[in-house]
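Visitor: I have a model to go through with you. Could we take it piece by piece?

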Amino acid sequence: MRGTASALPASKSIANRVLIMKALAKSESALHNLSDANDTQLMLRLVNSPETEIDVEDAGTTMRFLTAYFSITNQKKILTGTARMKERPIGILVNALRSLGVDIAYLEKDGYPPIRINGFSSQKTNAISIRGDVSSQFISALMMVAPVLPQGLTLTLEGKIGSRPYIEMTASLMRHFGTTAEFAGNTISIKPQTYRAAEFTVESDWSGASYWFSFVALAKEADVVLPRLSLQSLQGDRAIADMTALGVKAELVNGELRLTKASGAKEISWDFTHCPDLAQTVAVICAAKGIKGNFTGLESLRIKETDRIAALQNELRKIGADLREDDSTHWTLLPSTKLPSSASFQTYKDHRMAMAFAPLATLMNVEIENPSVVRKSYPRFWDDVRSFGFQIEVR
Ligand SMILES: O=C(O)C1=C[C@@H](OP(=O)(O)O)[C@@H](O)[C@H](O)C1
Ligand SMILES: C=C(OP(=O)(O)O)C(=O)O
């Protein structure tokens, strides 16, 4: 396969942060290359929405970031989402906001959306301890609103910290918009500060790029170009480029990232604590390429768009691979010894299930149920797949 993944979207994680900072700066910032991903389009529409009821659909960052934003800017809102969003925890963030003095109520189940923000009059504390091992999005959400709190905020992160590059991405983007978050050990200190307007261009999405690493890893021959991607990125998912053991070489050529084949390994170890969104991509590559995987850091996958561990286990079985849970922190991926000639994969309303299993089409006939799930992060994914010569029949 040879060509350019020209519809690769911009990072939704970066876009959703800069949209919050632009709103907090209360002045015009020129933001370029905002993602056409549904998660970003939702944020764009909802952050300034005059409506009381805010439906974030299945967008985790949109839910968590807007909860903090509407709370601290004292906007009375109801935040709700899909049935799955109502199963994704928000209690840690709500507890933190309540201790700051925000009045928030749960409308269905304690600890989960939907929630109602009733108001925020005065700041009750400037120091909060918060668990770091459930979702970094709670931490990023609090960091972004902290500069506009009258007393600022010191966050002490407790226990294991997961998805740390996303926290660092938040701090780095805050700097771009004129505020600082000092990260020392497990403490983040943010003084009262004013966000300033700034111009900003969003880079391509490394999580979306990972599916092209997978196509290249599985194809017999490949030369794939990924536009607007650099190896120096704020995104932790750039880690996929370091794992040449998967059989992919990534190099910067004329300002674009070029992927070609490299010799792979027979066994790899990977800790996904800081790049959980790569887990499905890597699991499928290993399963199809005969690579044994020793995986850790998969815990947070259970509370994402679906229980991604269960979803992977079910779907990998269809190609003769097994994701075995050794104990609560270690998994072994036993690859397939013989791929079937065709299989039909469920997506569980999870964009990453669709995109992670699609590259198997280099080796077998693949049917993907509900392919439009990709709209969450990579709406034109199937156009890119088609542009590499894959025939897609829509039923
Ligand atoms: O902050 C972000 O933009 C994100 C953080 C990660 O979530 P967790 O912090 O819940 O692991 C990641 O999985 C998600 O896709 C985007
Ligand atoms: C987990 C994801 O997103 P979110 O948590 O923002 O819904 C994702 O895009 O893989």
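Visitor: Which residue just after α3 takes a positive phi?
Guide: That is asparagine 74, with a phi of about 55 degrees. Please keep in mind that this is a predicted model.

Visitor: And helix α3 itself, what span should it have, and what does it have?
Guide: Helix α3 covers residues 60–72, and at 1.5 Å a residue its 13 residues should span 18 Å. The end C-alpha atoms of α3 are 19 Å apart, which agrees.

Visitor: Is α3 enclosed or open to the outside?
Guide: Helix α3 is largely enclosed by the rest of the structure, because 13 of its 13 residues are buried.

Visitor: Let us step back to the chain. How many helices and strands does it have?
Guide: There are 11 helices and 20 strands. Buried residues account for 49% of the 395 residues.

Visitor: What about the overall dimensions?
Guide: Along the principal axes, the C-alpha atoms fill a box of roughly 65 × 45 × 45 Å. The radius of gyration of the chain is 21 Å, which agrees with the value near 21 Å for a compact globule of 395 residues.

Visitor: Of the contacts between residues at least 6 apart in sequence, how many join residues at least 24 apart?
Guide: The share is 69%.

Visitor: What domains does the assignment give?
Guide: It gives domain 1, residues 11–201, and domain 2, residues 206–387. Their centres, taken over C-alpha atoms, are separated by 29 Å.

Visitor: How many residues are in contact between domain 1 and domain 2?
Guide: On the domain 1 side there are 20 residues, in contact with 16 residues of domain 2. Helices α1 (12–25), α2 (38–46) and α6 (164–176) each supply at least two residues of the domain 1 side. Helix α6 gives the most, with 5 residues.

Visitor: What is the make-up of that side of domain 1 by class?
Guide: The side of domain 1 that touches domain 2 has 6 nonpolar, 7 polar and 7 charged residues.

Visitor: On to the ligands. Where does ligand 1 lie?
Guide: Ligand 1 lies between domain 1 and domain 2, because both give residues to its shell. Among the residues around ligand 1 are Ser13, Thr61, Ser135, Ser136, Gln137, Tyr166, Asp277 and Ser300.

Visitor: Which helix gives the largest share of that shell around ligand 1?
Guide: Helix α5, residues 136–145, with 3 residues. By class, the shell around ligand 1 comprises 2 nonpolar, 9 polar and 1 charged residues.

Visitor: And what surrounds ligand 2?
Guide: The residues are Ala59, Gly60, Thr61, Asp277, Lys304, Glu305, Arg352 and Ser377. That shell has 1 nonpolar, 3 polar and 4 charged residues. Ligand 2 also lies between domain 1 and domain 2, since both give residues to the shell around it.

Visitor: Is valine 134 buried or exposed, and why?
Guide: Valine 134 counts as buried, because it has 21 C-beta neighbours inside 10 Å, and the cut-off for a buried residue is 20 or more.

Visitor: What does valine 134 touch?
Guide: Leaving aside residues up to four places away in sequence, valine 134 touches Pro89 and Ile92. Valine 134 and glutamate 299 are 165 residues apart in sequence, with their C-alpha atoms 8.7 Å apart in space.

Notes:
Residues numbered from 1 in each chain as written. Chains lettered and ligands numbered in written order. Predicted model: local features only at pLDDT ≥ 70, side-chain atom pairs only at ≥ 80, totals over all residues. Near = placed C-beta within 6 Å. Nonpolar A, V, L, I, M, F, W, Y, C, P; charged D, E, K, R; others polar. Domains from an automatic or database assignment. Helix = DSSP H or I, 4+ residues; strand = E, 2+ residues; numbered from the N terminus. Rg over C-alpha atoms; globule rule 2.2 N^0.38 Å. Buried ≥ 20, exposed ≤ 12 C-beta atoms within 10 Å, placed from the backbone. Contact = placed C-beta atoms within 7 Å. Expected span 1.5 Å × (residues − 1).
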